[in-house]
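Hello,

Here is the structure you will be taking over. My notes on it follow below.

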Amino acid sequence: IERIFRKRWSAIGAVTGAVVGLVIITPAAGFVSTIGAFAMGIIGAMLVYPFFQFTSRIDDSLDTFPCHGVSGFVGTMLTGCFALDGGLFY
């Protein structure tokens, strides 16, 4: 996503994206399929990325809130959509 909006790659962006993906799937790890986890990562990354732009004015040099707070919330909400037993899409 960073490549699309900023026209360049960065190692920090790649590592942060990996952490965001892991935080998104953590609440749902035992409840979703592999395809559901992949979809959660894609959808979640698109939902979380704008929060990195909003918090650039706040003194949060490690992007802790969007990386862990927002990603955890998005992962929890997407678990209800992709859960194998009673999820919205199954």
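Cys67 counts as buried, at 5% relative accessibility, where buried means under 20% relative accessible area, exposed over 50%, and partly exposed in between (1.4 Å probe, protein chains only). Cys81 is buried too, with a relative accessible area of 17%. The whole structure has zero disulfides, a disulfide being a pair of cysteine sulfur atoms within 2.5 Å.

This is a predicted model, in which local features need pLDDT of at least 70, side-chain atom pairs count only at pLDDT 80 or more, and totals for chains, interfaces and linings use all residues. Residues are numbered from 1 along each chain as its sequence is written, and side-chain values use heavy atoms, with hydrogens and water left out.

Both cysteines are listed among the buried residues of α4, which also include Pro66, Val70, Gly72, Val74 and Leu78. Helices are DSSP runs (H or I, at least four residues), numbered from the N terminus. Helix α4 covers residues 64-82 and spans 26 Å from its first C-alpha to its last, close to the expected 27 Å (1.5 Å times one less than its number of residues). At Ser71, α4 bends by about 25 degrees, taken as the angle between axes fitted to the seven residues ending there and the seven starting there.

Elsewhere, Met46 lies in helix α3 and is exposed, with a relative accessible area of 51%.

Regards

Key: Helices (H or I, at least four residues) and strands (E, at least two) are DSSP runs, numbered from the N terminus.
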